[in-house]
Amino acid sequence: MHDPVTSWNLTRLARGDVCPRLTLTVLVVVDGEAVPFDTRFDYDRDDPLAVRMAFLDAPGPARPWVFSRDLLYAGLRTPAGDGAVRVRPPCRCHSPTMARILLHGGRAAAALYVPAAELHDWLEGTYAAVGAGEESTRPGLDDMLRRLARGG
């Protein structure tokens with residue numbers, strides 16, 4: 001198993017908020033072939049329900065994957081998700097220290113092996129920034145949801 005290189009930092013935004021960011025190397029398995037990829041997980045207090053994951057080594061421009069912060073956190077303890085993103089906790093049969101993020105897009109699928117302890121610690125930082133259940137009290141969220149409901 002590839003030994004991930006991890007860095008965890010807090011990026012200070014112009015308005016003084018703290019936005020947790022985790023950069024690490026994950027092992028991506030597609031069609032039985034394993035390739036290490038530098039990957040960044042971002043959390044933005046202005047979009048408190050979401051986590052963004054970007055492949056930094058991707059050839060060409062790649063859009064980040066966006067999925068639920070709660071899904072990612074739940075998947076560290078028990079299998080979670082049933083759509084395009086599924087998260088599985090560490091286990092003896094795959095890796096006792098790595099969580100798996102399973103991505104399904106169109107006709108392709110990939111399994112990402114992510115260091116569970118680092119991911120857990122980073123997620124704890126996102127919950128320190130915006131606590132569970134406090135997401136709807138974020139300034140601007142209600143306006144964003146109203147615009148979304150109106151179709152733009």
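Buried residues make up 39% of the 152 residues in the protein, where buried means under 20% relative accessible area, exposed over 50% and partly exposed in between, with a 1.4 Å probe and protein chains only. The model is a predicted one, in which local features need pLDDT of at least 70 and side-chain atom pairs count only at pLDDT 80 or more, while totals for chains, interfaces and linings use all residues. Residues are numbered from 1 along each chain as its sequence is written, and side-chain values use heavy atoms, with hydrogens and water left out.

The protein has three helices and eight strands, taken as DSSP runs numbered from the N terminus (helices H or I with at least four residues, strands E with at least two). Along the sequence they follow the pattern β-β-β-β-β-α-β-β-β-α-α. Among the contacts with a separation of 6 or more, 37% are between residues 24 or more positions apart; a contact means heavy atoms within 4.5 Å.

The interior comes next. A nonpolar core is a set of buried Ala, Val, Leu, Ile, Met, Phe, Trp, Tyr and Cys residues joined through side-chain atoms within 4.5 Å. The largest such core holds 28 residues, and Phe41, Leu72, Ile101, Leu112, Val114, Leu119 and Trp122 touch the most other members. At least two residues each come from β2, β3, β4 (50–55), α1 (69–75), β6 (85–88), β7, β8 and α2 (116–129). Helix α2 provides the largest share of this core, five residues. With residues up to four places away in sequence not counted, leucine 119 touches Leu22, Phe41, Leu72, Leu76 and Val114. Another core, of five residues, lies apart from the largest one and includes Met98, Leu102, Ala111 and Tyr113.

Aromatic rings deserve a look of their own. A search of the whole structure finds three aromatic pairs, a pair being rings of Phe, Tyr and Trp (its six-membered ring) with centres within 6.5 Å; planes under 30 degrees apart count as stacked, over 60 as edge-to-face and the rest as tilted. One of the pairs joins phenylalanine 41 and tryptophan 122 in a tilted arrangement, 5.8 Å centre to centre with 50 degrees between the planes. Phenylalanine 41 belongs to strand β3 and tryptophan 122 to helix α2, so this pair ties together parts that are 81 residues apart in sequence. Phenylalanine 41 counts as buried because its relative accessibility is 0%, and tryptophan 122 is likewise buried at 0%. Tyrosine 73 and tyrosine 127 form an edge-to-face pair, 5.1 Å centre to centre with 65 degrees between the planes. This pair links distant parts of the chain, with tyrosine 73 in helix α1 and tyrosine 127 in helix α2, 54 residues apart. Tyrosine 127 counts as buried because its relative accessibility is 15%.

Open space was also examined. Rolling a probe the size of a water molecule over the atoms shows where empty space is left. On a 1 Å grid over the protein atoms alone, probed at 1.4 Å, a pocket is an open set of points with protein on both sides within 12 Å along at least five of seven lines, and lining residues have an atom within 4 Å of a point. The largest pocket has a volume of about 230 Å³, a volume being the space filled by probe spheres set on the grid points. Its lining has 15 residues, of which Val28, Val30, Phe55, Ala109 and Ala110 lie nearest the centre. Strands β2 (18–30), β3 (33–42), β7 (98–105) and β8 (108–115) each contribute at least two lining residues. The lining divides into twelve nonpolar, two polar and one charged; Ala, Val, Leu, Ile, Met, Phe, Trp, Tyr, Cys and Pro count as nonpolar, Asp, Glu, Lys and Arg as charged, and the others, Gly among them, as polar.

Aspartate 31, in the loop between β2 and β3, has a positive phi of about 50 degrees although it is not a glycine. Aspartate 31 is exposed, with a relative accessible area of 79%. In the loop between β6 and β7 sits proline 89, which counts as buried at 14% relative accessibility. Leaving aside neighbours within four places in sequence, proline 89 is in contact with Gly75, Leu76, Arg77, Thr78, Pro79, Met98 and Ala99.
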